Amino acid sequence: MTTAAVIVAAGRGQRAGAGPPKQWRPLAGRPVLAHALDAFRAAGIGHILLVLHPDDSDRAAALGSGFETVPGGVSRDSSVRNALEALAGSGVTRVLIHDGARPLASPALIARVLAALDSATGAAPALPVTEALWRGRGGQVRRGIDRADLYRAQTPQGFVFEAILKAHRAHPGGAADDVEVARAAGLDVAIVEGEEDNIKLTWPADFARATRLLRQTDRGGGDRMDVRTGSGFDVHRFTKGAGVVLCGVEIAHDRALAGHSDADVAIHALCDAIYGALGEGDIGVHFPPSDPQWKGAASRVFLAHACARAAERGFRLGNLDVTLICERPKIGPHAGAMRAGLAAITGLEEGRINVKATTSEGLGFAGRGEGIAAMAAATLVAA
Ligand code: MG
C-alpha cells in the first residue's frame with residue numbers, strides 16, 4: 001500500500017476576519033498549514049501534496065521542504081481533482097484528503113481512517129450530533145430536526161485512490177467534500193470516530209480556541225508549552241548609613257547601599273530575571289538611572305512593573321529564586337519577611353518564591369564587606 005496525503009489550502013475564505021487566508025495565519029507562532037503538515041508527518045505519511053493558490057507560492061517556502069505543491073482550481077472539488085490527477089500513475093493506492101484549515105487532526109485519527117480503508121473503499125471521521133437541531137428563519141424556530149442519524153463531517157477523508165479519482169472525474173462539481181463526491185459515484189464510505197479537537201478554523205474565535213488546544217497538548221510546535229527562564233545579577237556598594245533594603249524589607253545595619261533608587265540589589269536582580277525571560281533587556285532599559293524621577297525610588301515599583309509587563313505579554317510567573325551574596329547583614333532571620341514581601345508585590349504565592357543567602361568565604365568584594373551582590377532566576381509560563 002502506498003499512501004499519499006492531499007492537503008487542500010487554496011481557499012481565500014474571509015470569514016476568519018481581515019488578513020491573509022486563514023491557513024496562512026499564525027497559530028502558536030507558525031502558519032496553520034504547518035500544523036496540518038505536522039499531523040501527517042507524525043502519522044508517518046511521507047508523500048504529501050499541498051494544493052495552493054498561485055499567490056501563495058512565497059508563503060509555501062516558509063513551510064520548509066518534504067512536500068509537493070499543486071495549483072488549486074476555482075472550487076474546492078476542482079482543487080482536489082488537480083491533486084488527484086497529479087498523483088495518477090504514481091503508484092499511489094490510497095489517498096487522504098484533508099482541509100488545510102484543520103491544524104489539530106491527531107496521528108491517531110489519521111491512523112483510524114487508514115485502518116478503516118483496509119476493508120472499505122472510503123472512510124471518513126465524523127462525530128454524532130448531540131445538540132438539538134432546528135430549522136429557523138427570521139430569528140424564529142420553525143421546527144426541530146431528528147438528529148438520530150446525523151453526523152458532523154471532518155477530514156482527513158480517505159479513499160482507495162483509483163476509485164476516488166474516477167468519482168471526481170465523473171462529478172459535475174459543487175460538492176461540499178470528497179465523501180459527497182464518493183457517494184455520488186456509489187462508493188461506500190465508512191464512518192470513523194472523529195475528534196472534538198479536530199476543528200476547522202472558520203471564525204476569528206476559532207484561532208483562540210485552537211491556540212488553547214495546542215498549548216494543552218504535546219502535539220508539534222515549539223510554542224505549545226511556552227515556558228521561559230531568565231537570570232539576573234546585580235551589585236551595589238556600601239556607603240555610610242544605618243540600614244539596607246533587601247527584597248523590599250528594611251534591615252538595620254551599620255552601613256547603607258549606594259544607588260540611584262533605594263539600592264535594593266535583590267529586587268534589581270529579580271527584575272532583570274523577569275525582563276530577561278521576556279527578552280526585554282534589563283531594568284536600566286525600563287528605568288534609566290539618568291531619569292531623576294527614580295531617584296530614591298522604592299524598588300518594589302520596578303518589580304511590579306516587570307510583573308505587569310509579563311502579564312501584558314501573556315505570561316504568568318512560575319517561580320522566583322534569589323540568592324544574596326554578603327557577609328553581613330545576616331539574611332536568614334529576614335528571609336521569611338522577604339518572601340512575604342515579594343509575594344505581596346508580585347501576587348505570587350510564597351511557595352513559589354525562594355530567598356537564600358551565602359557568604360563568599362571572605363573572598364572578593366563581598367567577602368571584604370565592600371558591597372552586596374544578588375543573583376536571581378525567574379520562570380514565566382504562557383498564561
Ligand atoms: Mg541595581
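Predicted model: local features only at pLDDT ≥ 70, side-chain atom pairs only at ≥ 80, totals over all residues.
Residues are numbered from 1 along each chain as its sequence is written, and side-chain values use heavy atoms, with hydrogens and water left out. Local features need pLDDT of at least 70 and side-chain atom pairs count only at pLDDT 80 or more, whereas totals for chains, interfaces and linings use all residues.

The protein chain is assigned domain 1 (3–216) and domain 2 (227–382), with bounds from an automatic or database domain assignment. Their C-alpha centres lie 52 Å apart.

The magnesium ion is coordinated by Asp234 (OD), His236 (NE2) and His268 (ND1) at 2.1 to 2.3 Å. Donors are N, O and S atoms within 2.8 Å of the metal (3.2 Å for Na, K and Ca); water is not among the atoms, so sites may look incomplete. Asp234 lies in strand 13 (residues 227–240) and His268 in helix 8 (residues 265–278), so the pair ties together parts 34 residues apart in sequence. Helices (H or I, at least four residues) and strands (E, at least two) are DSSP runs, numbered from the N terminus. Both Asp234 and His268 are buried (under 20% relative accessible area; exposed is over 50%, partly exposed in between; 1.4 Å probe, protein chains only).

The model has 21 salt bridges, each a side-chain nitrogen of Lys or Arg within 4 Å of a carboxyl oxygen of Asp or Glu. In the bridge between Glu85 and Arg169, the closest N and O atoms are 2.7 Å apart. Glu85 lies in helix 3 (residues 76–87) and Arg169 in helix 5 (residues 161–170), so this pair ties together parts 84 residues apart in sequence.
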